[in-house]
Amino acid sequence: MDAITTYIEQMFRALPHTGEVRRAKAELLAMSEDRYHELRAEGLSENEAVGRVITQFGNLDELADDLGIRTELDGVGDPAIALSASDAENYLRVSGRAATLVGSGIVAIMAGIVIRLLITEYALGLGLFFVFVAAGVGAFVTAGMMLSQYSQLEDRVLHLDGVTLAGYQRLRQQEQGTFTALIVGGIVTIILGAAANAVGWSLEESGALVDALRAGGLLGIGLGVFLLIRGGMRRTALDRLTSQDDPTSPTSADDSPIARWSSPYWILVVIIFLAWSFLTGDWGITWIVWPIAGLLYALLSAVLNAARPREDARR
């Protein structure tokens, strides 16, 4: 029965929050519950009963006249998109691959910077740097092309069948700990990498230890950004599938940067870091971009996530 309730809640998500719509939703919930119990009394299994109820009451356009919400339904600008279980799984899988590509692109660029710093021969070091940058940019472009096939899902309400939706809601809840670990781990790794890089540049002497601090610090920063992007894009995909970031909601504009802006945010940070470093040549100072970006990212995310419940309470 929970799957049916969740499905009906999602059906009405795109409609305005008027008294008439709330009445219609309550009426449909009551009819669905009665039919569910009738089917269970006839000997059907829970999954069979849920499937029958959703088949009978799952098309809001067919029920709008009987429920008295035709005007509200026709006033919705963009219709919801029905997503099959296989399409939803493909979307989640492609999002994961795209996240890996974007994160790997960041790591490749940082590796190119490390090679440029460690190789003393200028032409060879610069050449390898541009090879790694090209690989990173190629990863960004590939990820964008992979995600473009799902561009029609942006700013639209997604409808999944009740069983599939309930499954993704459980998955999202189960992955809460992993998501938190990736975000916290990414921020901590960025800060530690920036600190190692700063210590390396503060030492006047040269040697293997100094080179290791400088190179390891930059690679640590890249790894931290990878973790943030991986966790953020995975959560964004699950939020879309479970309508946690419903584009028709008044609070959608205040979604956490982790949910929407993880990838472009860190790509912008990389661009700022590279531009400042190569224009000034002062690699011993430009590392400060990373701890500032990491702390700002964490602060903004915490503030917006804390503000969201208050917004939800006013709906």
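Q: Which residue just after α4 takes a positive phi?
A: G68 does, with a phi of about 75°. This is a predicted model: local features need pLDDT of at least 70, side-chain atom pairs count only at pLDDT 80 or more, and totals for chains, interfaces and linings use all residues. Residues are numbered from 1 along each chain as its sequence is written, and side-chain values use heavy atoms, with hydrogens and water left out.

Q: Which residues of helix α4 are called buried?
A: L60, L63, A64 and L67, in a helix that spans residues 60–67. Buried means under 20% relative accessible area, exposed over 50% and partly exposed in between (1.4 Å probe, protein chains only). Helices here are DSSP runs (H or I, at least four residues), numbered from the N terminus.

Q: Why are these residues of α4 said to be on the same side?
A: Because they cover an arc of only 130° around the axis. The arc is taken from the directions from the helix axis to the C-beta atoms. On the other side of α4, E62, D65 and D66 are exposed.

Q: What makes α1 roughly parallel to α3?
A: Helix α1 (residues 2–11) and helix α3 (residues 46–57) pack at about 25°, with axes 10 Å apart. Angles under 35 degrees count as roughly parallel, over 145 as roughly antiparallel, 65 to 115 as roughly perpendicular and the rest as oblique. So α1 is roughly parallel to α3. Axes are lines fitted to C-alpha atoms, for helices over the stretch in contact, and angles run from 0 to 180 degrees between N-to-C directions.

Q: Which residues make the contact of α1 and α3?
A: A3, I4, Y7 and M11 of α1 and V50, V53, I54 and F57 of α3. Contact means heavy atoms within 4.5 Å. These residues divide into eight nonpolar, no polar and no charged. Ala, Val, Leu, Ile, Met, Phe, Trp, Tyr, Cys and Pro count as nonpolar, Asp, Glu, Lys and Arg as charged, and the others, Gly among them, as polar.

Q: At what angle do the axes of α8 and α10 cross?
A: Roughly 150°, and the axes of α8 (residues 162–174) and α10 (residues 208–241) come within 9 Å.

Q: Which residues of α8 meet α10?
A: L165, Y168, L171 and R172, which meet R234, R235, L238, D239 and L241 in α10. The contact of α8 with α10 divides into five nonpolar, no polar and four charged residues.

Notes: Helix = DSSP H or I, 4+ residues; strand = E, 2+ residues; numbered from the N terminus.
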